[in-house]
Amino acid sequence: MTKFQSKNISYSHRKLPGGIRPPEHKTISNSLEIQTLQAPDKVTLRIEPLLIEHLLVSKGQFVNKGEPLTDAQFVNKASMIHAPISGTVTDIGPRYFGHQSGLAETILTIKTNSDQPANDYKFEPIKNWLLAASEALFERIKQAGIVGLGGAAFPTHFKIASSKDKVDTLIINAMECEPYITCDDRLLQEHAQEIIEGAQITASVVGATKIIFGIEDNKLQAIKNLDKAIENYTAQRIHMEIIVVETAYPSGGEKQIIQLITGKEVPSRSYPSSIGLLVQNTATVHAIYNAVVKSKPLTSRVVTLTGDLIDQPGNFWVPIGTSVEHLIKTLNIDSTLLDSAIFGGPLMGETITDWKLVTQKSTNCIIFNKSPQQDRSAKECIRCAECEVVCPVSLVPQQLYWHSANQQWDALEQHNISDCIECGACTYVCPSEIPLVQYFRYAKSEISFNREKQQQSEKSKKRFDNREKRLERIKQERELKRQQKQEARRKAAENKPSDPDGKKSAIAAALARVKQKKANENE
Amino acid sequence: MNKFHQGRSTSQVMATACFALIPGAFAQIYFQGWGVLINLVICASTAITAEAIILKVRKKPVRETLCDFSALLTGLLIALALPPLLPWWMSIIGCSFAIIIAKQLYGGLGFNPFNPAMVGYVLLLISFPIEMTAWLPAKSIALEVASLTESIQLIFTGYTTSGMDVNSYRLIADGFTMATPLDESKTALATGLMSSEIMAQADFQSNLTGWFWINCAFLIGGLSLMLLRIIHWHIPVSLLVSIWLTSTLLSLYDSDLFLPSTTLLFSGATMLGAFFIATDPVSASTTFKGRLIYGASIGLLIVIIRTFGGYPDGVAFAVLLLNIAAPTIDHYTKPRVYGSETN
Amino acid sequence: MSTTNQYKDLFKQGIWDNNTALVQLLGLCPLLAVTGTLINGLGLGIATTFVLVGSNVTVSIIRAHIPKEIRIPIFVMLIASFVTNVQLLMNAFTYELYLILGIFIPLIVTNCAIIGRAEAFASKNSVGPSFVDGLAQGLGFTLVLMVLGGLRELVGQGTILDGAHLIFGETARSWTSHFYLADQKFLFAVLPPGAFIGLGLLIALKNWYQNKP
Amino acid sequence: MTIILGTLIISILAYLCGALLGFASIKFKVQGNPIVAQINDILPQTQCGQCGHPGCKPYAEAIADGAPINRCPPGGEAGIKALAELLDMEVIDLDEDCGEITQPKVAVIREDECIGCTKCIQACPVDAIVGAAKLMHTVIESECTGCDLCVPPCPVDCIDMPFLETSIKSWRVPAPTEAIRIDNVAKIAITQID
């Protein structure tokens with residue numbers, strides 16, 4: 001690997017503990033410029049449960065591209081949604097939206113309406129963000145509906161708010177370690193200047209004093225362009241540098257990039273902000289740039305559309321909510337050869353077979369490959385420990401698998417299953433082809449279910465005990481009252497004069513008289 | 001779930017291990033005669049048949065499971081551990097026991113706490129100690145060398161048509177019975193000979209050379225397994241280093257009483273054990289540190305058993321003893337999980 | 001339940017349902033150690049049965065007078081005295097067998113099957129049932145000892161009833177039947193590991209028979 | 001002489017040990033039964049009384065005294081398994097007399113039909129129903145254990161016991177061996193779209 005020397009660049013000697021080096025398949029799509037996809041005439045968006053009651057639009061209403069669909073006041077723990085295209089809202093309601101469970105989620109459909117003239121919606125421009133208050137910038141990030149575009153889709157404003165004034169370093173994650181995906185690579189090659197600006201904005205909002213770009217050594221052109229952009233960035237307020245690391249999967253995991261760049265580890269069950277770090281994805285800071293400088297909400301993103309069934313694979317600006325059906329049509333994919341498509345990378349992504357499903361904010365890549373080779377079923381684990389070798393967080397996956405398959409939840413918690421990042425490296429190397437990550441997801445979900453059940457039952461126990469105590473107290477109080485009454489009655493009886501109205505004495509007197517009389521008669 | 005996979009399957013791992021045995025097997029056939037080949041055939045077919053029968057009884061898919069080649073590997077390993085002219089029924093008992101009791105009764109591949117091949121071997125060793133130590137002298141010094149037909153006759157009937165039995169093939173030129181160098185040296189040391197005197201005997205030397213080449217052949221097979229990343233370096237390297245270290249220390253203490261380290265490293269089943277038996281993934285330790293401890297302990301035990309124990313070779317016992325300890329070793333050598341404070 | 005029925009049930013419990021060796025897995029130390037041949041097993045079985053019956057009956061008789069706190073020492077004392085009796089008797093009448101069984105005769109004291117019956121049954125029941133229980137448990141134990149001993153003898157040295165004269169006198173010397181002549185014993189079956197596997201297989205066989213639809 | 005000495009020594013030993021045991025049994029006597037608390041922790045605390053005891057704790061006490069462990073339908077098979085493990089007993093099937101295992105339920109009062117008699121409030125073992133005399137009652141859903149005890153006392157039969165519906169939030173990842181089944185579920189849902 002040729003090393004590119006510059007004062008902004010340093011090469012990290014740190015390596016992932018474990019990790020894999022799968023074939024990259026990146027050259028399929030990283031040589032062409034980002035194109036704009038022919039806009040779909042219909043988009044579908046998922047409405048987060050928290051926002052269902054705060055929709056600003058109703059069925060039949062016309063919306064302009066970029067118009068907010070939800071009320072910004074209520075999005076603290078969720079993210080805003082904007083119309084990706086202009087058109088009429090044709091459907092709001094519960095529909096299947098690709099969730100693994102097959103359960104319905106609330107969705108909203110917009111169809112293009114040629115009758116209506118459309119004006120793209122834009123925010124009020126911020127003239128010079130350098131002079132703007134950080135609250136205003138924060139508010140803009142929140143309004144623009146930006147989420148982590150690396151794949152997690154965690155609301156960015158929430159992440160920023162929780163690390164504000166706690167972090168000194170902002171790490172920009174440009175690793176893009178999964179095979180096939182090149183969207184961040186292209187974005188860096190073409191828009192390095194904008195990304196730098198976005199990073200500066202983010203860093204100034206959270207109060208960081210340093211920005212580090214973490215990037216793998218297989219993206220030479222991106223590194224060069226980024227370096228040039230840093231050189232040319234005159235308004236530099238916050239120090240920037242690039243750290244290049246050896247290509248390996250999963251170096252782009254949040255915890256992994258921190259380890260590779262800084263040598264620090266995020267303590268178990270806590271966030272990077274606890275060690276003064278904030279990690280943002282390249283595409284995310286680019287979206288922040290768009291929101292702040294260009295005043296555009298997040299309505300489309302760069303998606304790598306690749307695979308051997310596409311004639312011209314590459315990266316495209318795709319509106320959020322575009323269906324796979326539309327992609328198949330516009331990209332001229334032979335759907336007879338297509339069994340399934342992969343949303344996301346081949347290691348962590350999800351295989352879908354329903355062409356009605358749509359791209360979401362987190363969709364960075366869709367792979368259209370010919371039907372995979374025949375399905376081989378999983379064999380027994382032979383404890384070869386290859387999984388242990390590749391696990392980036394040093395777990396013992398074969399042991400976790402054993403306990404998951406046997407539903408030994410306590411043992412799993414002792415083996416730190418909660419630290420599993422579900423990167424799929426273990427599944428990739430397993431010679432017995434056991435779907436390890438699925439087992440771990442299952443185990444994690446069961447563990448949290450059991451924990452909830454336990455909490456619920458403890459609550460019920462407490463309520464039951466309280467009720468028992470209350471009933472007991474009431475009973476005792478009643479008993480006390482009864483005793484008091486009885487006592488009072490008894491006392492009253494004692495205090496009563498023995499012959500209150502003189503009846504007894506009258507009878508006695510009468511008896512005495514009779515006796516007297518009898519005695520007299522006998523005499 | 002996605003089918004993005006490295007592509008190496010359990011069957012391939014096992015099959016590669018079988019192939020890697022080929023150089024060692026050839027060397028052993030060359031130096032120990034046709035009996036080794038016959039053993040290989042008997043053991044492999046017994047192991048596969050036993051596995052098939054028990055899978056049928058357990059109502060498991062027979063053909064798919066046989067295709068993981070683990071039974072074949074077990075059979076081959078037992079065959080290579082057995083003396084060349086062992087009666088056929090003993091080989092069958094050993095292999096059936098290994099597959100049925102040591103492997104399938106525990107749940108089949110992946111569930112056996114002990115290395116099945118070594119369980120089968122040890123069963124035979126403690127049941128038939130005389131037959132199981134009846135090794136042949138190297139071809140160069142042997143009085144008689146059995147042909148293929150004679151080997152078949154010896155294995156299946158105990159006698160050749162000319163009336164010879166196994167013991168007559170064990171004689172060397174001056175009428176002595178020759179055993180393996182380890183056996184021989186142990187007996188000689190017990191009679192008061194010095195280590196250097198034993199090493200100086202011409203017969204002993206030529207016998208030792210045969211075993212040296214057999215071990216070298218297994219070493220080549222093992223190294224290729226390591227290059228193919230079928231096995232990791234930890235167990236073989238720590239095992240061999242431990243043997244070398246322990247025996248060097250012993251001969252430093254008294255070079256007259258103890259054999260030199262090269263003799264221990266290149267005789268008996270050292271290389272077969274280090275690369276093919278101790279590395280059996282199912283029964284070995286799995287963590288990085290654990291494997292080092294596991295390998296080193298096996299090496300130490302091999303030297304101790306060979307030097308002070310009652311049996312001439314100790315690989316099988318050492319491996320089985322450490323098999324029991326493997327879960328405990330794993331438990332105490334769990335790697336530190338990312339972000340956790342303690343081990 | 002009538003008394004006969006109760007006794008029948010006790011026998012069924014002792015020999016099959018709640019067998020000392022196959023179900024409760026008690027008394028494994030002598031079980032594994034002495035079942036080299038059928039006759040050895042029978043010898044130890046008889047001795048154990050004798051002690052079991054004796055201790056059960058005695059405990060049952062004096063159960064009302066045993067303070068709860070020190071019942072275990074008392075049981076041990078009782079059992080030890082019976083074992084001493086057995087040992088002296090065997091020393092007198094079956095000297096060779098006495099030598100073969102060696103330490104395992106005095107070790108009957110520590111056989112948890114016996115103290116277990118004293119604690120679980122005899123200390124709660126009257127003399128009659130206690131006697132029957134002791135006998136049934138002892139017989140069940142003896143049966144397993146004999147079957148396991150027979151199996152190991154057959155596999156290990158190819159004979160059955162080898163050494164019958166040790167118990168039944170000189171006339172029994174000819175009872176031994178040879179099934180195959182091994183120039184060498186199958187040592188594995190003769191040694192304790194064979195007993196472990198043999199017992200495991202017996203338990204498996206029993207469970208398989210019981211769970212058969 | 002030896003016999004007497006031996007007997008004497010053993011007897012003294014026996015008495016000493018006995019005295020020690022007796023002392024220990026008084027000194028280290030455990031108050032209450034710790035196993036009851038452990039059993040109670042396993043029971044689901046629905047307080048439904050289907051086991052025939054007035055609440056989970058009384059049943060826990062009964063189990064500690066030897067009652068069968070298979071009388072708790074809300075605990076289900078998992079509960080019986082946990083109890084069997086704790087008490088080192090065999091796993092047995094649920095006693096059918098106690099009811100059958102159902103999905104979790106929740107009580108819902110049809111509020112316009114409620115006459116405000118407070119009978120259900122008195123029946124509720126976990127105080128999950130609020131309301132006052134002559135006023136409409138309602139169930140606090142998060143506290144309701146779905147025990148059914150409020151249903152029989154209601155004079156106007158206005159309490160329903162619907163199953164708790166699985167939502168995306170309460171959905172659990174299936175075991176990988178069940179993945180095929182889920183695939184089918186998803187396909188059924190897809191056909192319902194549009």
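How much area do chain C and chain B bury between them, and what share of it is on carbon and sulfur atoms? In this predicted model, chain C and chain B bury about 740 Å² between them, with 74% of it on carbon and sulfur atoms. Buried area here is the accessible area (1.4 Å probe) that two parts lose on being put together, summed over both. The size of an interface is often given in this way, as the accessible area lost when the parts come together.

Residues are numbered from 1 along each chain as its sequence is written, while chains are lettered from A and ligands numbered from 1 in the order in which they are written. Because the model is predicted, local features need pLDDT of at least 70 and side-chain atom pairs count only at pLDDT 80 or more, whereas totals for chains, interfaces and linings use all residues; side-chain values use heavy atoms, with hydrogens and water left out.

On the chain C side, seven residues are in contact (heavy atoms within 4.5 Å) with 10 residues of chain B. Zero salt bridges are counted between chain C and chain B; a salt bridge is a side-chain nitrogen of Lys or Arg within 4 Å of a carboxyl oxygen of Asp or Glu. Two residue pairs, both at pLDDT 80 or more, are in polar contact across this interface. Such a contact is a pair of N or O atoms within 3.5 Å; within protein, one must be able to donate a hydrogen and the other to accept it, and residues adjacent in sequence count only if both atoms are side-chain atoms. The residues of chain C that touch chain B are five nonpolar, one polar and one charged. In this scheme Ala, Val, Leu, Ile, Met, Phe, Trp, Tyr, Cys and Pro count as nonpolar, Asp, Glu, Lys and Arg as charged, and the others, Gly among them, as polar.

Of the four pairs of chains that touch, chains A and B have the most contacts. Here 53 residues of chain A meet 34 residues of chain B, and about 3500 Å² is buried between the two chains, 54% of it on carbon and sulfur atoms. A:I382, A:R383 and A:Y428 supply 19% of the area that chain A buries against chain B, more than any other three residues. There are two salt bridges between chain A and chain B. In one of them, B:D330 pairs with A:R383, with the closest N and O atoms 3.5 Å apart. The count of residue pairs in polar contact between chain A and chain B is 16, both residues being at pLDDT 80 or more. On the side of chain A that touches chain B, the residues divide into 25 nonpolar, 15 polar and 13 charged.

Other pairs of chains do not meet. No contact joins chain A and chain C, whose closest C-alpha atoms lie 23 Å apart, and none joins chain B and chain D, where the closest C-alpha atoms are 10 Å apart.

Within chain A, a domain assignment (automatic or from a database) gives domain 1 (9-23 + 125-306) and domain 2 (381-482). Their C-alpha centres lie 34 Å apart. Contacts link 12 residues of domain 1 of chain A with 13 residues of domain 2 of chain A, and about 930 Å² is buried between these domains, carbon and sulfur atoms giving 54%. A:P17, A:I20 and A:Q256 lose the most area on the domain 1 side, together 39% of what that side buries.
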